[in-house]
Amino acid sequence: MTNVSEPQGNALTLEQAFEQGVSLYQHQKKEEAREVFEQILQLAPDAVPVLQVLAVLDVEKGNWQEALSKLDKALTIEPGDGSLLFDKAQILLQQGINKEALEIVDSLLSVAPEHQDLLTMRQQLTAAIGNVGESRRTAKYQANVQSQTANAIDAEVQETLTLADKFFAEGNKEQAKQLYQAVISVAGDEPKALLGLAKLQLGDENFGLARQTLRRAFDAEHSDNEFFILLSHCEIKLGEYKAARDICRQGLKHWPDNSLLCRLLVQSYEKDANWLEAYRIALEFSRQHPNDADLRYRLATASFNLLRSRHNFTTAAILDCQKHIETASALAKEENQQRLSLYLAEVLWYKGEALASKALLENHMQAFPDDIEAGFNACFVYRTLEEWENYYRTNELGLACGRRLRYQGALPQWNLARPKDDIVLVMPEQGVGDEILFSHNLKLVLENSKKVYVACDPRLAPILSRAFPEAIIVPIKRIDHQDIDIPKEVMDDITSWVAGGSLAAMCYQTYGRHVYQAAYIDLSQAVSEHWQSHLDAIREAHPNKQLIGLCWRSGLAAATRNIHYLIAEEVAHLVKQFPNATFINLQYGDCTKELKKIAKRAGVDVLQLEGLNLRDDFEGTAAVIKHLDAVITAGTAVHRLTTAVGTPCHVFFAGRKDSDYSKPQPLYCDNEFGYFYPPMLENKYPLLESIVRQIQKS
């Protein structure tokens, strides 16, 4: 039992004991609480709070008389105590001693005439003694008091909100916050106060707390449009894009013309990188709000990214994108105009207007010299214009902005001025076709360093190991948008590193050419003989015909009508122009439907070699290409593999609007010929006929 008798040592003071008793009561330990209070009463028999609490405990056990006795004793000590009188009146009411209870209530009401609990009790008591009229008058009076009180509170709340909004507008955010919180503590979840508080939280970028605050008063049917706007904004900031879309759509049912909700809905798709839906919805809303600069900007952005991400390089898509960019630019603010000018520069490059693209990019770089991503974009234009010094300079910016590869090592980057005892890691970058191209320059590193690790796509490991036995090949499985993971033992051994694509710049600056070594692939005898036997059988079945490999597009499903590639009808036209050739399929990926369409239109089959995995077996594919008479291809990995093998390669590229495809241009390697054509060329038949003529002449 708790000892409260001595106010020293480990004993409790009377005040501490009272607090302990209250705590026990709150934790439903009522018998222990009673024991503590009774001990206190023994030491302090006139302790009014203790008598009052014990009376409550008596009532809970149904000991009405004991409770009244304790309250009467307390009232002898503090005869006018309102709290004691109120408790006594409640007990008398419960015991049916109504007249005595009413006397107490009336005496209390004379002091506090608007006390709601007393008025409720008086209504009950007058009804209980049969005075119905007085009971009704009390109820009516109570209702009036409640109404007046509510009106007074409402007026005070509105006055406080007005002042809080004024503080908010003036930038006195802490005062505004205190007033909004005061309103909420008095009036509960008052929407205007919660809205103001949420705005302050948004200003502090506390999006989670702002969302929680807004949700307290959000009602999809009755909330103001600001709730929908701010709540969807919070969801976007928190990465909850679907939730943001749901809120926007709910809001647009009430306010279909609200442009802010339209913008946020588009933005939710932008953040999700769902450019197809972003474009579709932005187009719809731009028709609804033709002069809304933000929606026009978002439409242009979605159109541009849809073009880029899906490789949707059709003439119609390019022209459509240009139109959206130019419309948005006419309405945009300066910052957005700059961004749109970069979009336009890229689109003009797609169209073949390289000089106009260059002018836009150089203007931007002059105004924003630190924008390295824009500088890297310029390298593609310089390459088209064959401005090689500028191309190699700006191409290096791709490392700084992470566009060429996701790696930034702490070690120095290798170059020809480095010590000859360097241990170098050659890093892979971009696609597998690029890796094949960059490997033309591996000898440059091997001849100028002590030891070389070459990281590469695992599919290239067999051919690179055979081509460069002095190098240590490190197969690396790369994942989009993730840093390259190099084995620790390699990182611990190297003294410098170099991106594969940077070797061409060193070769050009030192030797005046783009590749250090032309054909470099050294096939294993077994693989070479295996595929040669297959091709020999085809030659025997098709005497006096050239064997020509054919690849007409990348492996992207969206590439079928790309300006850089051919469609089945165009491939069929090519095949028909070359009756003295047998075509071997080198098109990787699923192309069954296209091959059937080509066969139907051309009247002959493009042959597929059974057992050849064009996507993953690069050594087998290289062996097939080695034993062909020529390859006609788009600018894909097949192009790069053909040049690395040394077979004559005829590759077609979208170039400039003034490109002349009638004569092939010698490219980087021996037997590598480029046919450049205007990108917006609608009829590619003359281009294909030109390629056929050149091969037939050779």
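Predicted model: local features only at pLDDT ≥ 70, side-chain atom pairs only at ≥ 80, totals over all residues.
View 1. Residues are numbered from 1 along each chain as its sequence is written, and side-chain values use heavy atoms, with hydrogens and water left out. Strands (E, at least two residues) and helices (H or I, at least four) are DSSP runs, numbered from the N terminus. E5 and E6 are parallel and share five bridges. Looking towards E7, the bridge partner of Leu 550 is Ile 632; E5 and E7 also run parallel, joined by four bridges. Five of the six residues of E5 are buried (under 20% relative accessible area, with a 1.4 Å probe and protein chains only), so the strand is largely enclosed by the rest of the structure.

**View 2. Here is the open sheet of six strands, in the order E6-E5-E7-E8-E10-E9.** Its pairing is mixed, where two strands pair if DSSP finds at least two bridges between them. Which strands sit at the edges? They are E6 (581–585) and E9 (665–666), each pairing on one side only. Further in, E7 (residues 630–634) and E8 (residues 649–654) run parallel and are joined by four bridges. Across that pair, Thr 633 has Val 651 of E8 as its bridge partner.

**View 3. Helices H21 (residues 388–395) and H27 (residues 503–511) pack with their axes 10 Å apart.** The angle between them is about 150°; axes are lines fitted to C-alpha atoms over the stretch in contact, and angles run from 0 to 180 degrees between N-to-C directions. Which residues make the contact? H21 brings Trp 388, Glu 389 and Tyr 392, and H27 brings Ala 504, Ala 505 and Tyr 508, with contact meaning heavy atoms within 4.5 Å. By class, five of these residues are nonpolar, none is polar and one is charged. For this count, Ala, Val, Leu, Ile, Met, Phe, Trp, Tyr, Cys and Pro are nonpolar, Asp, Glu, Lys and Arg are charged, and the others, Gly among them, are polar.

**View 4. Glu 205 and Asn 544 each have a positive phi although neither is a glycine.** Most residues other than glycine have a negative phi. For Glu 205 the value is about 60°, and its place is in the loop between H10 (191–203) and H11 (207–215). Glu 205 is exposed (over 50% relative accessible area), at 59%. Asn 544 has a phi of about 65° and lies in the loop between H28 (525–541) and E5 (546–551). Asn 544 is exposed too, with a relative accessible area of 79%.

**View 5. Asn 258 lies in the loop between H13 (241–254) and H14 (259–271).** Is this residue buried or exposed? Asn 258 is buried, with a relative accessible area of 14%. Leaving aside neighbours within four places in sequence, Asn 258 is in contact with Asn 225, Ile 229 and Leu 252.

View 6. Residues 14–47 are 79% helix and 0% strand, with the end C-alpha atoms 10 Å apart. For residues 48–81, the content is 79% helix and 0% strand, and the end C-alpha atoms lie 10 Å apart.
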